[in-house]
Amino acid sequence: MIHTEKLIKKYGDKTALSVETLDIKKNEIVGLVGNNGAGKTTFLSLLLDLIKATDGEIKIKDSAVSKSEEWKKYTGSFLDDSFLVPFMTSLEYLEFVANLHQWKKGDLDEFLTQNKAFYGDDFLTGKKMIKDLSKGNKNKTGILGALIGNPELLILDEPFANLDPTSQQWLRLKIQKLSEEGVTAIVSSHDLQHVTGISSRIVMLEDGQVAKDVENTESTLEELESYFGAKITEESI
Ligand SMILES: Nc1ncnc2c1ncn2[C@@H]1O[C@H](COP(=O)(O)OP(=O)(O)OP(=O)(O)O)[C@@H](O)[C@H]1O
């Protein structure tokens with residue numbers, strides 16, 4: 001589904017990302033982990049052609065993302081607030097995204113009814129503009145927007161951050177259900193429990209490079225906790 005080749009992103013002298021090759025197969029759920037500044041958002045932004053690579057290439061279904069628009073039709077994504085329209089309400093924004101996917105009003109109504117447990121009662125009926133929403137409700141708006149259009153490929157950056165516990169659980173179950181339906185997903189997260197709870201594969205970035213690329217098994221969560229925990233020494237506290 002995704003192939004990246006000699007992908008490099010530099011900011012001045014600083015190499016934010018340097019990945020030799022990475023292949024993501026259809027239906028894989030890839031959990032992207034790594035400490036602050038490891039290169040996760042840079043990688044996701046490159047995949048979505050939001051920033052230009054210094055070198056290398058990314059192909060989704062054999063089309064270079066920087067040269068083709070085809071992948072946009074089946075890719076749902078939410079990285080941050082810049083995906084949202086601050087002066088719209090959440091409902092207006094979701095109607096706008098649904099229009100882009102040529103959904104009829106009934107399609108959106110059905111989608112919102114189906115996914116109501118994620119956003120609760122007053123979230124879509126209020127008059128608040130997106131710019132005035134809490135961080136969690138902004139994220140919910142963006143995640144719902146990413147799910148509109150029934151994407152084959154879903155790319156989410158720290159989707160569990162700022163969500164309430166019910167919404168976090170809902171999102172875990174949703175991603176698992178989408179995976180059963182054949183969706184491919186790349187989800188970055190600092191929450192090792194959530195990310196290992198949904199992923200078939202874990203890719204760990206460190207200083208812009210792939211430090212681990214492993215199948216997610218029963219022992220992966222413990223291994224990741226030990227790996228990140230080992231960076232803390234008694235003297236460092
Ligand atoms: N626009 C930019 N200009 C200069 N440096 C940048 C820019 N964007 C990212 N970087 C640098 O690139 C490196 C990777 O950043 P990135 O945001 O991809 O990391 P991350 O793993 O997503 O971190 P976090 O977990 O904090 O979100 C960092 O050193 C960061 O400071």
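Which residue just after α1 takes a positive phi? That residue is D49, with a phi of about 60°. Let us start with the ground rules and then walk through the structure around this helix.

This is a predicted model, in which local features need pLDDT of at least 70 and side-chain atom pairs count only at pLDDT 80 or more, while totals for chains, interfaces and linings use all residues. Residues are numbered from 1 along each chain as its sequence is written. Helices (H or I, at least four residues) and strands (E, at least two) are DSSP runs, numbered from the N terminus.

Two strands pair if DSSP finds at least two bridges between them. β1 and β2 form a hairpin with 2 residues between them, and G12 in the turn has a positive phi of about 60°.

| Strand pair | Bridges, sense | Residues opposite |
|---|---|---|
| β1 (residues 2–11) and β2 (residues 14–24) | 9 bridges, antiparallel | Y11 and K14 |
| β1 and β4 (residues 55–60) | 5 bridges, antiparallel | T4 and I58 |
| β4 and β5 | 2 bridges, antiparallel | I60 and S63 |

Strand β1 also holds K6, which has a positive phi of about 45° although it is not a glycine. Is K6 buried or exposed? To answer, we count C-beta atoms, placed from the backbone: a residue is buried if 20 or more others lie within 10 Å of its own, exposed if 12 or fewer, and partly exposed in between. K6 counts as exposed because it has 12 C-beta neighbours inside 10 Å.

N27 is partly exposed because 16 other C-beta atoms lie within 10 Å.

## The sheet of 6 strands

Another open sheet has 6 strands, ordered β6-β7-β8-β3-β9-β10, with mixed pairing. Its edge strands are β6 (75–78) and β10 (209–215), and each pairs on one side only. Neighbouring strands of this sheet are turned by 15° against each other on average, direction ignored. For such angles, axes are lines fitted to C-alpha atoms, for helices over the stretch in contact, and angles run from 0 to 180 degrees between N-to-C directions.

Within this sheet, β3 (residues 29–33) and β9 (residues 201–206) pair in the parallel sense over 4 bridges. The bridge partner of L32 in β9 is V203.

Two residues are in contact if their C-beta atoms, placed from the backbone, lie within 7 Å. Helix α1 packs on the sheet of 6 strands, touching β3, β7 (153–157), β8 (184–188) and β9. Its direction makes about 145° with that of β7.

Why is α1 described as largely enclosed by the rest of the structure? It is because 7 of its 8 residues are buried. The buried ones are K40, T42, F43, L44, S45, L46 and L47.

The residues around the ligand are Y11, A16, G34, N36, G37, A38, G39, K40, T41 and T42. A residue is near a molecule if its C-beta atom, placed from the backbone, lies within 6 Å of it. α1 (residues 40–47) gives the most to this shell, with 3 residues. The shell divides into 3 nonpolar, 6 polar and 1 charged. Here Ala, Val, Leu, Ile, Met, Phe, Trp, Tyr, Cys and Pro count as nonpolar, Asp, Glu, Lys and Arg as charged, and the others, Gly among them, as polar.

## The nonpolar core

A nonpolar core is a set of buried Ala, Val, Leu, Ile, Met, Phe, Trp, Tyr and Cys residues joined through C-beta atoms within 7 Å. The largest one has 52 residues, of which L32, L47, L154, A185, I186 and V187 touch the most other members. Leaving aside its neighbours within four places in sequence, L47 is in contact with I2, I58, V65 and I155.
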